[in-house]
Amino acid sequence: MAKFKSAWRRWFSGWTLLTVALTGLILIPTLTVLLSLLADERQVWGHLVDTVLGLYVRNSLLIMAGVALGVILVGSGTAWLVTMCEFWGRAWLEWMLVLPLAAPTYVLAYAYTDFLQVTGGFQIWLRRVTGWGIGDYWFPNIRSLGGAILLMTLTLYPYVYLSARLAFQEQSVACLEVSRSLGYGPWASFFRVALPLARPGIVAGCLLALMETLNDFGTVSYFGVDTFTTGIYRTWTALGNPVAAAQLSALLLLWVLLLMGLEQFLRRRARYYRQGLRPALARYRLQGIRAVGAWLACGIPVGLGFVVPALILLQMTLRQGAVGRHFWSYARNSLLLATITAVIAVSVSVVVLYGLRLQRGSTWSLRLAVRLSSLGYALPGMVIAVGVLIPLGRLDQLLSYLRQVLFQQPPGLVLSGTIAALVFGYLVRFLAVALATVEATLLRIPPSLDEAARSLGQGSLGTLWRVHLPLMGGGILGAMLLVFVDVMKELPATMVLRPFNFDTLAVYTYRMAADERLAEAGAPALAMVLVGLLPVILLNSQMARQRHLYSSGREET
C-alpha cells in the first residue's frame with residue numbers, strides 16, 4: 001500500500017504532470033498523421049495509384065539508395081584517410097570536411113543551376129575555350145534525379161564522416177597492430193578490420209542522412225523530381241484534400257520508422273566493444289601519387305560541397321548589387337522565428353529532463369513518452385506540417401463556434417496560419433536537438449549536488465534555478481544555437497505553416513529560384529550559409545577538445 005501511495009504521489013507531482021503535458025502536446029502531430037490512415041479516402045487513393053504514386057515511390061527509393069551509397073563511400077573513405085593516414089594538408093582537411101553541413105541542399109541546387117546552365121559561367125567559359133556554339137555539344141543536366149542525388153551526397157556525407165571518424169579513433173589499436181603484423185596494408189586494414197568495427201557509427205550516420213533526404217523539398221521540387229514530399233504538398237494544395245495528404249505523410253512516417261527498425265535489426269546480435277586506450281598507432285605516411293590521391297579524395301568533397309557554392313553565391317550577390325528591398329524584412333522574420341523557437345525548445349527540454357531527473361524511479365512509460373517526443377527530428381518537415389494543421393483546424397472550428405455562441409463574433413481562424421502554429425511545428429521538428437544537448441549537459445551534474453541543495457533548504461525549483469542552470473549555461477547556449485540555425489534553414493514546414501505575407505529567408509530564396517530569378521536568390525542563400533557556419537565552428541571546437549582529451553588519456557595510459 002505504501003509503495004502504491006509513493007508511486008501515486010510521484011505520478012501526480014507537479015513536475016511529472018508538466019512533463020506528461022509537454023510530451024503529449026509534442027506527440028499530437030505524429031499521432032494525427034498515424035490516425036489519418038483510418039480515414040476512408042479510396043477515391044483519392046485510386047487516383048494517386050493510377051497516376052503518380054508509383055513515381056513517388058520509385059524516385060524516393062532511387063534517391064535514398066543513391067544518397068546512401070554516396071555518403072557511405074565519401075564519409076567513411078575521407079574519415080579513414082584523415083584519421084589513419086598522414087599527408088600534406090591532412091590537419092586542415094580534417095575540420096574542413098564538416099563545412100558542407102553549413103549549406104542546405106536546396107541552396108546548392110540554386111547555386112549550381114545558375115553556374116552550370118546554358119547561360120551560366122561554366123558553359124560560357126567552355127564555349128569560349130572550344131569555339132563551340134549552343135547545341136554543338138552535350139552537357140549533363142544538373143536538374144535531374146542524378147543531380148539531386150549528387151548534391152544531397154555532397155551536403156549530407158558529413159553525417160557519416162563524423163560518426164565514422166569517431167569510430168575509427170576509438171577502435172582498439174591492438175586490432176590494427178594485428179592486421180599490420182599479418183601483412184595488411186592501409187586499404188586491406190580498412191576493409192577487413194576497421195570498416196566492420198565501425199559499422200554501427202557508419203549506419204547511424206547514413207540513417208541521419210536518409211532522414212534528411214526524405215525531408216528535402218526545395219531540391220526535388222526545383223529539379224522537378226516527384227517524391228513523397230512534393231506529393232504531399234500537391235495533394236494538400238492542388239487536390240485540396242488534407243486527409244489524403246496526411247495519409248501520404250503517414251506512409252512516409254512508416255518508411256522512417258522502418259529505417260530505424262532496420263538499423264536496430266541489423267545489429268541486434270552484433271557486439272562492438274572498445275578495448276580501452278592504448279598508445280597511439282602511427283599513421284600510414286603517404287607520399288607521391290598516393291598523397292595527391294588522398295588530398296584530392298578529401299579536397300573534392302569540400303570544394304564541391306562548400307567552397308564552390310559559396311563562391312557562386314558570393315558572385316551572384318555581387319552581380320545583383322544591392323539586396324532586394326524585402327531582404328531585411330525576411331531576415332527579421334527568420335531571426336524572430338529562430339529566436340523564439342530556440343528559447344522555447346530549450347525551456348521545454350530543461351523542464352522535461354529535470355522532471356525525469358527528479359523521478360529517479362520513474363516508470364518506463366514516462367521515459368518512453370519523452371523519447372517519443374524526440375521522434376520529430378526523424379520526420380520530414382512536410383509530415384509535421386500536415387500533422388500540425390489538421391488538429392489546429394479542428395481546434396479553430398471549436399473556438400470559432402464558441403466565439404459565435406458566447407460573444408456573437410464572426411467566425412475565423414484563431415491558431416491556423418499564425419506564428420504560433422509555425423513555432424509549434426518547429427518545436428515538434430527540432431525539440432530532439434535541444435533534448436540531446438541539454439541531456440548531455442545535465443548528466444554531467446552529479447546527484448550529490450541535488451542532495452546538498454535540498455539539505456540547505458532548497459526545493460526542486462530552487463535547486464534548478466540556483467544549481468543546475470548556472471552549471472548548464474554552456475550546454476543551453478549550444479542547444480539554442482543548434483535549434484536557431486536549424487529553424488533558419490527549414491523550408492518544407494515553413495512553406496506550409498507560415499502566415500500569409502510572412503516569408504523567411506528560406507522561403508524567399510525558394511520563391512526567387514522557382515521564378516528563375518536566381519541572382520536575387522544569392523543574397524538570402526549566402527546569408528543562410530553564413531549562419532550555418534556557426535554550429536559547424538562549434539562542432540569543430542568540440543572535436544578539437546575531444547581529440548585533445550583523447551590524446552591526453554592515451555599518454556596517461
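**Entry 1: a charged pair.** I started with Glu94, which forms a salt bridge with Arg90, the closest N and O atoms being 3.4 Å apart. My cut-off for a salt bridge is a side-chain nitrogen of Lys or Arg within 4 Å of a carboxyl oxygen of Asp or Glu. Both residues sit in helix H5 (residues 90-96), four residues apart, about one turn of the helix. Helices here are DSSP runs (H or I, at least four residues), numbered from the N terminus.

**Ground rules.** This is a predicted model, so I keep to these limits: local features need pLDDT of at least 70, side-chain atom pairs count only at pLDDT 80 or more, and totals for chains, interfaces and linings use all residues. Residues are numbered from 1 along each chain as its sequence is written, and side-chain values use heavy atoms, with hydrogens and water left out.

**Entry 2: the second partner.** Glu94 also meets Arg165 in a salt bridge (2.9 Å, N to O). Arg165 lies in helix H8 (residues 145-170) and Glu94 in H5, so this pair ties together parts that are 71 residues apart in sequence. Buried or exposed? Both Glu94 and Arg165 are buried, and Arg90 is buried as well. I call a residue buried under 20% relative accessible area, exposed over 50%, and partly exposed in between (1.4 Å probe, protein chains only). I then found Glu86, Arg90, Glu94 and Arg165 linked in a network of salt bridges.

**Entry 3: another pair.** Asp503 and Arg498 meet in a salt bridge (2.8 Å, N to O). Asp503 is buried, at 8% relative accessible area, while Arg498 counts as partly exposed at 24%. The whole structure has eight salt bridges.

**Entry 4: a pocket.** I looked up the second largest pocket, with a volume of about 490 Å³. A pocket is an open set of points on a 1 Å grid over the protein atoms alone, where a 1.4 Å probe fits, with protein on both sides within 12 Å along at least five of seven lines; lining residues have an atom within 4 Å of a point. Its lining has 21 residues, and Trp236, Leu389, Gly417, Val496 and Phe500 lie nearest the centre. Helix H18 gives the most to this lining, with five residues.

**Entry 5: confidence.** The chain's mean pLDDT (the predictor's confidence in each residue, from 0 to 100) is 79, and 84% of residues reach 70 or more. Over residues 1-5 the pLDDT is below 50, and this stretch has zero contacts (heavy atoms within 4.5 Å) beyond near neighbours in sequence. Where pLDDT is low, the predicted coordinates should not be read in detail.

Note on methods:
Points joined across faces, edges and corners; volume = space filled by probe spheres on them. Helix = DSSP H or I, 4+ residues; strand = E, 2+ residues; numbered from the N terminus.
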